[in-house]
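Subject: Structure handover

Dear colleague,

Here is the structure for your files.

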Amino acid sequence: MKYSEFVELYEKLAGTTKKLEKVGILANFLKELKKRGKSEWIYLLRGRVVADYDEREFGISGKLTIKAISRVSGVSDSRVVSEYRKIGDLGEIAEKLLGQKSQSTLFSACLKTEKVFDNLRKIMGLQGKGSVDKKLGLIAELLGSASGKEAKYIIRTLLNDLRVGVADAILRDAISKTFFDGEEMEADVEEAYDRTNDFAEVFELAGKGKTKLKSTEIRPGRPIKVMLPVKVTEIDEALRICGEKVAVEHKYDGFRVVISYDGKNVMLFTRKLDNVTNQFPDIVNVVKSHVKGKSFILDTEVVGYDPKTKKYMPFEAISQRIKRKHDIEKLVKELPVEINVFDVLYHNGNTVMDIPFIKRRKLLEKIIKAEHFKIRPATQIISEDKKKIDEFYKEALRTGEEGVMIKSLDAIYRPGRRVGFIVKMKPVVADLDLVIVGAEYGTGKRAGGLTSFYVACKDKENGFLEVGRVSSGLKEKEGEGVTYKEMDKILRPLITKTSGRKVFIKPKVVVSVTYQNIQKSPGYSSGYALRFPRIMHYRPERGVYDIASLDEIKKDAERK
Ligand code: AMP
């Protein structure tokens with residue numbers, strides 16, 4: 001298949017914001033992919049060449065693409081940079097500068113999708129000494145035989161900024177339409193995706209029929225999207241959702257880790273699907289010696305404690321362990337962790353997600369050799385007595401936990417969902433996980449750095465919608481928690497556009513924001529605004545898929 005066919009598709013997709021239209025366009029294209037047996041090319045539709053569970057990145061900077069554009073077009077680096085300052089989009093610059101190549105070059109070189117896919121994959125695999133030059137060579141090779149428009153999309157793909165608007169939900173509906181038009185199979189496609197995090201696999205399974213699609217399994221060794229709770233503030237509400245008799249557990253203030261053992265290796269994944277195995281050799285060791293089974297997947301909350309006082313520490317204190325790539329052994333000693341296991345999803349070669357929670361809990365108690373400050377099943381009571389539940393809740397707060405999780409005893413495990421099988425009960429502190437989509441440079445003492453942040457919720461139809469601007473909560477000085485300076489460093493590489501003091505930021509960085517209440521407001525694209533927002537935590541382990549939705553914002557606004 002010629003790459004130009006992909007480009008044509010990208011242009012069509014970018015040309016409409018209507019979801020149904022996009023789904024129709026995609027479904028036609030997917031039929032073509034199916035005929036050619038090229039399931040993996042489905043990744044290209046979202047600017048990738050590997051599955052979502054695979055965290056490899058291209059690792060390409062704007063600077064390197066500028067070099068490649070300059071090398072192939074013959075235009076100097078500095079002119080490309082000055083064009084960039086004017087236009088602000090390297091994709092468009094590539095289109096403009098490379099579109100001027102003579103027709104004869106184009107005629108002799110028709111760029112094939114195989115070639116694009118292969119080179120992009122090779123780029124992903126390159127690391128270490130000499131890799132930058134090799135990457136440059138691979139990019140230049142593609143640009144050398146690309147038309148202007150093709151160059152635009154190659155550059156945008158490399159910079160993770162495809163901008164054709166193919167969200168998960170759109171691709172899901174398109175796969176459903178391709179194979180089961182009119183049969184309402186969207187939820188099944190979504191579930192298969194939540195279990196695999198791989199659209200190519202879902203696409204193939206769907207092509208084999210409904211039964212195959214419905215029997216999609218989770219697999220050890222791969223990250224999964226975890227099940228999430230809904231928020232309540234009262235026991236009555238919790239019991240209405242979860243049933244009369246429920247399990248109540250401490251809500252630990254740590255971070256979520258899915259522990260996976262495939263018979264050979266123990267692997268650790270965050271909620272954002274990042275592999276953090278190397279950062280936590282201590283967890284790997286404890287799991288090897290304290291969990292029985294030929295294979296398993298455990299859902300856990302990892303909590304830090306002070307090695308001297310043996311006091312549990314808030315999330316902030318250990319959050320640095322998640323990203324740290326060096327001095328790991330030192331950190332293991334300084335910031336040790338305890339694993340609180342609250343669910344088991346897979347054991348000895350079989351999925352156990354579909355058996356009731358109470359049975360899964362029994363299984364996990366059986367396979368874990370509990371040891372304080374190493375690993376243990378989450379502290380739990382099973383009760384229908386409101387007074388007892390209330391006491392347990394208050395006790396949890398007294399011991400410094402955030403609250404409790406209340407769980408339905410007969411519920412199955414649904415990856416990636418807030419289905420109401422679990423609720424979290426916390427004191428009435430309003431907080432939401434939101435993603436940073438923009439920022440502003442400060443003035444006066446804070447000039448030069450990004451000091452206020454536009455935060456957004458997600459919406460199935462419209463992507464990310466702003467709900468406010470927050471400029472407090474981060475720290476001024478280093479210590480516990482992220483400083484303004486550190487946040488500035490995190491956000492800079494994600495800037496996509498600058499307009500006066502405001503910058504636009506790729507939606508990747510998740511923060512927990514507290515606020516007093518939510519009001520209707522025409523000033524933000526969601527139509528709502530948080531009042532007195534404050535960043536409570538930076539959440540490096542959380543991804544955009546589990547931030548608050550517009551529906552939650554609306555509900556919250558109505559409550560007050
Ligand atoms: P929140 O981050 O406030 O939405 O609360 C949900 C998070 O609480 C989950 O993603 C887990 O990381 C964490 N958590 C702590 N303790 C438990 C528990 N016993 N069961 C389930 N999740 C828990």
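How many salt bridges does the count come to? The total is 56 salt bridges, where a salt bridge is a side-chain nitrogen of Lys or Arg within 4 Å of a carboxyl oxygen of Asp or Glu.

The model is predicted, so local features need pLDDT of at least 70 and side-chain atom pairs count only at pLDDT 80 or more, while totals for chains, interfaces and linings use all residues. Residues are numbered from 1 along each chain as its sequence is written, and side-chain values use heavy atoms, with hydrogens and water left out.

Salt bridges

Lysine 35 and glutamate 32 form a salt bridge at 3.6 Å, N to O. They sit 3 residues apart in helix H2 (residues 19-36), so about one helical turn separates them; helices are DSSP runs of H or I with at least four residues, numbered from the N terminus. Lysine 35 is exposed at 67% relative accessible area, and glutamate 32 is partly exposed at 26%. Here buried means under 20% relative accessible area, exposed over 50%, and partly exposed in between (1.4 Å probe, protein chains only).

Lysine 210 and glutamate 183 also meet in a salt bridge, at 2.5 Å, N to O. This pair links distant parts of the chain, 27 residues apart: lysine 210 is in helix H13 (residues 210-214), and glutamate 183 is in the loop between helix H10 (168-180) and helix H11 (186-196). Lysine 210 is partly exposed at 34%, as is glutamate 183 at 38%.

A network of salt bridges links Arg46, Arg48, Asp52, Asp168, Asp194 and Lys225.

Domains and pocket

An automatic or database domain assignment gives domain 1 (3-158), domain 2 (228-425) and domain 3 (430-559). The C-alpha centres of domain 1 and domain 3 are 30 Å apart.

The second largest pocket has a volume of about 700 Å³. A pocket is an open set of points on a 1 Å grid over the protein atoms alone, where a 1.4 Å probe fits, with protein on both sides within 12 Å along at least five of seven lines; lining residues have an atom within 4 Å of a point. The volume is the space filled by probe spheres set on the points, which are joined across faces, edges and corners.

Of its 21 lining residues, Gln320, Gly481, Val482, Glu486 and Tyr538 are the closest to the centre. Helix H16 (315-323) and helix H20 (484-491) each give two or more residues to the lining, and H16 supplies the largest share, 5 residues. Domain 2 and domain 3 each contribute at least three residues to this lining.

Regards
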